[in-house]
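I opened my notebook to look up the salt bridges in this structure. My notes follow in the order I made them.

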Amino acid sequence: MKRVTIRDVATASGTSIKTVSRVLNKERYVGADTRERVERAVADLNFRPSFAARSLAGHRSFQVALVCDNPSPAYVYAMQQGIRDRCEVDGVRVLTQPYDRGSPRLLADLDALIATSGPDGIILTPPLSDNDEVLALLAARAIPFVRVSPGTRAGLAPATFIDNVTAAKELTAHLIERGHRRIAHIAGPRDYATSAQRRAGYEAALLAAGIAPETELVVEGRYDFASGAEATEVLLARPAPPTAIFAGSDEMAAGALMVAHRRGLRIPTDIAIAGFGDDALASYVWPPLTTVRQPVRDLAWQAADLLLNRATPDELREVAHALIVRAST
């Protein structure tokens, strides 16, 4: 079949090629009636703009890049979905590029991505959203970027986030309300701002209830299943083990569940276990996990919207979280 061109859209809508281009590029100064005619013609003809042609005409690639280094496949997948959902509205493609933040080639590889793909902007997820070298490189390249869940230098770039401190405080308070006093916390890696934020909320809830935080009840994990299991083994080996565990991610909480089952502990009778994130995993394990719903897809959609709308650096969008109580507590 013959490919539908921008000239066909102009003819069908009774406008010029230049006007169609303005509508496709979301430019201002196009009348509402004219815009509606063009959009109707685009839909009727099932017109799909040529990325190559648009790039040559507007000096844009019509691509954005998601740059991530996260151990949770569920988090990365939800982030991709949210960004893609928003970008499809504007006919923009999404490149997803995973990186190892510990690699000596991190900056060189990111610089190569910018040079070869020429994305119109970049979305950074934790912990790269707080990586000073990465931020300096993007600033030097003068490429627009948006940060997801940053913990430092607010106002450096547009950002989306949830209130991790309040969320962790609410979850810990729930455990306290269930009668627990020895509540352990499996924290995330220390180079994630979210790890420190969730620990701060956990400690704030303890102090509010008159419970002194104990360093021996906090063990650092890596936001993955294996580290959750390892941390739980350490915690349960303490002379006075906890009666409840709040893990900083659902994957670490699932690792804690596995260890508790293996030891013959009844959940939540002998020990309560809660996570953070509300990944699909939280509903699949047994018993289902009490957790904090972190709407990653919404965080991603809002991040892409900030990028595509060229938001100012001081624009920060908070996405609502929710405490989800299930059988594990």
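**Salt bridge notes**

I started with Glu-203, which is partly exposed at a relative accessible area of 23%. I noted that the model is predicted.

Next I looked for the partner of Glu-203. Its side chain meets that of Arg-199 in a salt bridge, with N to O at 3.0 Å.

Where do Glu-203 and Arg-199 sit relative to each other in helix α9? I found them four residues apart, so about one helical turn separates them.

Then I turned to Glu-216. Glu-216 forms a salt bridge with Arg-182, and their closest N and O atoms are 3.3 Å apart. I traced both residues along the chain. Glu-216 lies in the loop between α9 (193–208) and β7 (218–220), while Arg-182 lies in the loop between α8 (164–177) and β6 (183–187). The pair therefore ties together parts that are 34 residues apart in sequence. I also looked up the exposure of Glu-216. It is partly exposed, with a relative accessible area of 33%.

Which residues join Glu-315 and Arg-317 in one network? I wrote down Arg-86, Asp-90 and Asp-305, linked through salt bridges that share partners. Glu-315 itself counts as partly exposed, at 29% relative accessibility.

Last, I looked up the total. How many salt bridges does the count come to? I recorded 23.

Key
Residues are numbered from 1 along each chain as its sequence is written. This is a predicted model: local features need pLDDT of at least 70, side-chain atom pairs count only at pLDDT 80 or more; totals for chains, interfaces and linings use all residues. Side-chain values use heavy atoms; hydrogens and water are left out. A salt bridge is a side-chain nitrogen of Lys or Arg within 4 Å of a carboxyl oxygen of Asp or Glu. Helices (H or I, at least four residues) and strands (E, at least two) are DSSP runs, numbered from the N terminus. Buried means under 20% relative accessible area, exposed over 50%, partly exposed in between (1.4 Å probe, protein chains only).
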